Amino acid sequence: MRRHFQMFAAYNRWANAAVYDAAAELSADELARDMGVFFGSLIGTLNHILVADRIWMKRFTGEGTAPAALDTVLHPALPALRVAREAEDARIVEWIDALPDKAFTGRFTYLTVTDMRTISQRLAPALAHFFNHQTHHRGQAHAMLTALGRPSPTLDLVYFQRTEEGRPFA
């Protein structure tokens with residue numbers, strides 16, 4: 001299981017860098033334009049991905065900050081958001097790398113953000129959700145880039161596996 005989730009942590013970092021590279025070509029107005037998606041704009045969506053990652057990492061590790069609302073805007077400007085994103089991606093990779101094999105079959109308990117319930121579940125399925133959630137919202141970011149008339153990056157996992165960083169996971 002560790003190798004599987006190491007792949008997704010590395011893929012997550014790679015895919016986020018591609019989205020942020022493409023987003024860097026947009027104006028501040030384009031980044032903030034309401035595109036009709038759940039978190040409104042591209043900057044809102046990119047903030048949400050980081051917010052959710054921080055919430056989950058706080059649940060997983062007991063460390064770090066966890067915003068109280070899923071629509072929190074941590075950084076309204078892309079450069080600062082990118083710095084925070086890169087730091088969180090490094091944190092995710094390092095944490096997954098350090099997990100002992102038996103951790104993936106273990107359980108953890110956390111408090112939900114939306115309705116304040118206590119949940120206990122196995123780590124591996126929660127990690128599957130964690131990485132799937134990122135992919136879901138990166139797909140929305142991809143669509144917004146396209147709608148804004150910009151080339152959208154190729155984000156398929158197989159393309160990551162064909163890179164130097166991803167080749168060990170192919």
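## Terms and model

Buried means under 20% relative accessible area, exposed means over 50%, and partly exposed covers the range in between. The model described here is predicted.

## Overall fold

The protein chain holds six helices and two strands. Read from the N terminus, the order is α-α-α-α-β-β-α-α.

The C-alpha trace spans about 45 × 40 × 25 Å along its principal axes.

## Packing and surface

Of the 170 residues, 45% count as buried. Contacts with a separation of 6 or more were also sorted by sequence distance: 69% of them join residues 24 or more positions apart.

The protein chain exposes about 8,600 Å². Carbon and sulfur atoms supply 55% of that area.

## Charges

The protein chain carries 18 positive and 18 negative charges. Their mean positions lie 7 Å apart. Side chains of opposite charge can pair when their charged atoms come close. Across the whole structure, a search finds ten salt bridges.

One network of salt bridges links Asp21, Arg82 and Glu86.

## Glutamate 165 and arginine 13

Glutamate 165 and arginine 13 meet through their side chains in a salt bridge, at 3.1 Å from N to O. The two residues are 152 residues apart, and the pair links distant parts of the chain. Arginine 13 belongs to helix α1 (residues 2-23). Glutamate 165 sits in the segment after α6 (157-161).

How exposed is glutamate 165? Its relative accessible area is 33%, so glutamate 165 counts as partly exposed. Arginine 13 has a relative accessible area of 33% and is partly exposed.

## Glutamate 30 and arginine 150

A salt bridge also joins the side chains of glutamate 30 and arginine 150, with an N to O distance of 3.1 Å. Glutamate 30 lies in helix α2 (residues 28-32), and arginine 150 lies in the loop between α5 (123-147) and α6, so the pair ties together parts that are 120 residues apart in sequence.

Is glutamate 30 buried or exposed? Glutamate 30 is buried, because its relative accessible area is 13%, under the 20% cut-off. Arginine 150, at 26% relative accessibility, counts as partly exposed.

## Arginine 54 and glutamate 88

In the salt bridge between arginine 54 and glutamate 88, the closest N and O atoms are 3.6 Å apart. This pair links helix α3 (residues 42-61), which holds arginine 54, with helix α4 (residues 78-98), which holds glutamate 88. The two residues are 34 residues apart.

Arginine 54 counts as buried at 16% relative accessibility. Glutamate 88 is buried too, with a relative accessible area of 5%.

## Valine 19 in helix α1

Valine 19 has its place in helix α1. At 1% relative accessibility, valine 19 counts as buried. What does valine 19 contact, leaving aside its neighbours within four places in sequence? The partners are Leu46, Arg138, Ala141, Leu145, Pro153 and Leu155.

Valine 19 and glutamate 88 are 69 residues apart along the chain, and their C-alpha atoms are separated by 15 Å.

## Phenylalanine 169 after α6

Phenylalanine 169 lies in the segment after α6. Its relative accessible area is 17%, so phenylalanine 169 is buried. Not counting residues up to four places away in sequence, phenylalanine 169 touches Arg3, Gln6, Met7, Ala10, Phe160 and Gln161.

From phenylalanine 169 to glutamate 25, the C-alpha separation is 30 Å. These two residues are 144 residues apart along the chain.

## Methionine 116 between the strands

Where does methionine 116 lie? Methionine 116 is in the loop between β1 (107-111) and β2 (118-122). Its phi is positive, at about 55 degrees, although methionine 116 is not a glycine. Methionine 116 is exposed, because its relative accessible area is 54%, over the 50% cut-off.

Methods: Residues are numbered from 1 along each chain as its sequence is written. This is a predicted model: local features need pLDDT of at least 70, side-chain atom pairs count only at pLDDT 80 or more; totals for chains, interfaces and linings use all residues. Side-chain values use heavy atoms; hydrogens and water are left out. Helices (H or I, at least four residues) and strands (E, at least two) are DSSP runs, numbered from the N terminus. Buried means under 20% relative accessible area, exposed over 50%, partly exposed in between (1.4 Å probe, protein chains only). Contact means heavy atoms within 4.5 Å. Accessible areas come from the Shrake-Rupley method with a 1.4 Å probe; for residues, only the protein chains shown count as cover. Lys and Arg count as positive and Asp and Glu as negative; His and the chain ends are not counted. The place of a charge is taken as NZ of Lys, CZ of Arg, CG of Asp or CD of Glu. A salt bridge is a side-chain nitrogen of Lys or Arg within 4 Å of a carboxyl oxygen of Asp or Glu.
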